[in-house]
Amino acid sequence: MRAIEISKYGGPDVLQLTERPIPEAGKGELLIRVHAAGINRPDVLQRMGFYPVPHGASDLPGLEVAGEIVSGDLAGTNFQVGDKVCALVQGGGYAEYCVAPVLQCLPIPHGLTMIEAASLPETFFTVWSNVFDRARLTAGESLLVQGGTSGIGVTAIQIASALGHRVFATAGTEEKCRATEGLGAERGINYKTEQFSAVVKELTGGRGVDVILDMVAGGYIPQEVDCLADDGRIAIIALLGGAKTDLDLAQVLRRRLTITGSTLRPRSVAFKAAIARQLFEKVWPLLESQRIRPVIYQVFPLAEAAAAHATMEQGAHIGKIVLQLQ
Ligand SMILES: NC(=O)c1ccc[n+]([C@@H]2O[C@H](COP(=O)([O-])OP(=O)(O)OC[C@H]3O[C@@H](n4cnc5c(N)ncnc54)[C@H](OP(=O)(O)O)[C@@H]3O)[C@@H](O)[C@H]2O)c1
């Protein structure tokens, strides 16, 4: 099969088209003929050598695919050969065939294309796990999404807004800020021209937000603590702004704040399966009713994976970048 491999650690050009054997599905796994594969920032980090491949996972990049089931361990499942699915995978998505744990496969929401479906798993699993499970965003509570136009951001804004939460989002340009508002954010905050904590406090009458989904961390943390409501929670999913910060812990103590974080990829199949079930029950209907829509920024053929990574690193994108294979 044709696949994209990381020939050595480095810039986008280290992504090379290659031939690999078609992988074999083991127990509890399906073999998928990949039609489209989503690109995520963790793929860029893996390419640079900053995100080691978990033990037993494919060395090929790619954490999410959409395609049709070719074969596999179908006993006891609702799937059949030929069914169209999207899947969260441990790696190996940038290839014509990919193996996925059956419990991490979901039917393609009615009305979505393969490209749209391929853009879902990584961000939907991550957002659900962090915003709703870990940070427990509950009815009546508000959310601040940092990086509002990232793949993660457009997903978080849409799910939380569709479920009735007040959402605020940050982004680095006016165009991106307006885009977050088009997706359901009450206010897009340009962090380059405004202090996001001051804007959030003003818009919430001084109370602050209940949950912050944070991919920046570093120097953002003190400002985030400042605009969290009492009992508020910060869920850190990346450290784009650095891993160190100077924080007044008295605020955490006095106002009962929680600072937490997680990475999805090393978690067990059982953990991801539980998220898949919740997404299918609570979020898939919102996709099928078009209350939530995938936001596709640009599609590249498999052979142009390097250009796709370069586009992500330029950072002008709003939403998801996807590879098309069929
Ligand atoms: N923990 C997990 O399980 C998990 C899972 C998936 C993804 N992630 C992480 O979540 C983040 C978003 O992923 P994605 O695939 O949605 O990425 P993406 O689309 O490339 O988005 C990155 C966003 O970060 C913003 N940003 C803010 N400060 C930045 C900085 N210093 N450098 C670069 N970008 C900065 C950019 O927006 P502006 O240009 O507007 O600033 C951009 O929208 C990534 O860091 C990724 O590693 C974590």
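At what angle do helix H1 (residues 41–48) and helix H10 (residues 305–314) pack, and how far apart are their axes? In this predicted model, the two helices meet at an angle of about 110 degrees, with their axes 10 Å apart. H1 and H10 are therefore roughly perpendicular to each other, since angles of 65 to 115 degrees are counted in that class. On the H1 side the contact is made by Arg 41, Val 44 and Arg 47, and on the H10 side by His 309, Met 312 and Glu 313. By residue type, this contact divides into 2 nonpolar, 1 polar and 3 charged residues.

Strand E5 (residues 84–88) has 4 of its 5 residues buried, so the strand is largely enclosed by the rest of the structure. Its pairings with strand E4 (residues 64–72) and strand E7 (residues 105–107) are set out below.

| Strand pair | Sense | Bridges | A bridge pair |
|---|---|---|---|
| E4 and E5 | antiparallel | 5 bridges | Val 65 and Ala 87 |
| E5 and E7 | antiparallel | 3 bridges | Cys 86 and Leu 106 |

In helix H6 (residues 196–203), the buried residues are Phe 196, Ser 197 and Val 200. Seen down the axis of H6, these buried residues fall within an arc of 95 degrees, so they line one face of the helix. An α-helix has 3.6 residues a turn, so residues three or four places apart point the same way. The cover over the buried residues of H6 includes strands E8 (142–145), E9 (166–171), E10 (187–190) and E11 (209–214), together with helix H7 (220–226). Just after H6, Gly 205 adopts a positive phi of about 60 degrees.

Technical notes. Residues numbered from 1 in each chain as written. Predicted model: local features only at pLDDT ≥ 70, side-chain atom pairs only at ≥ 80, totals over all residues. Buried ≥ 20, exposed ≤ 12 C-beta atoms within 10 Å, placed from the backbone. Arc of directions from axis to C-beta. Contact = placed C-beta atoms within 7 Å. Pairing = 2+ DSSP bridges. Axes fitted to C-alpha atoms, helices over the stretch in contact; angles between N-to-C directions. Parallel < 35°, antiparallel > 145°, perpendicular 65-115°, else oblique. Nonpolar A, V, L, I, M, F, W, Y, C, P; charged D, E, K, R; others polar.
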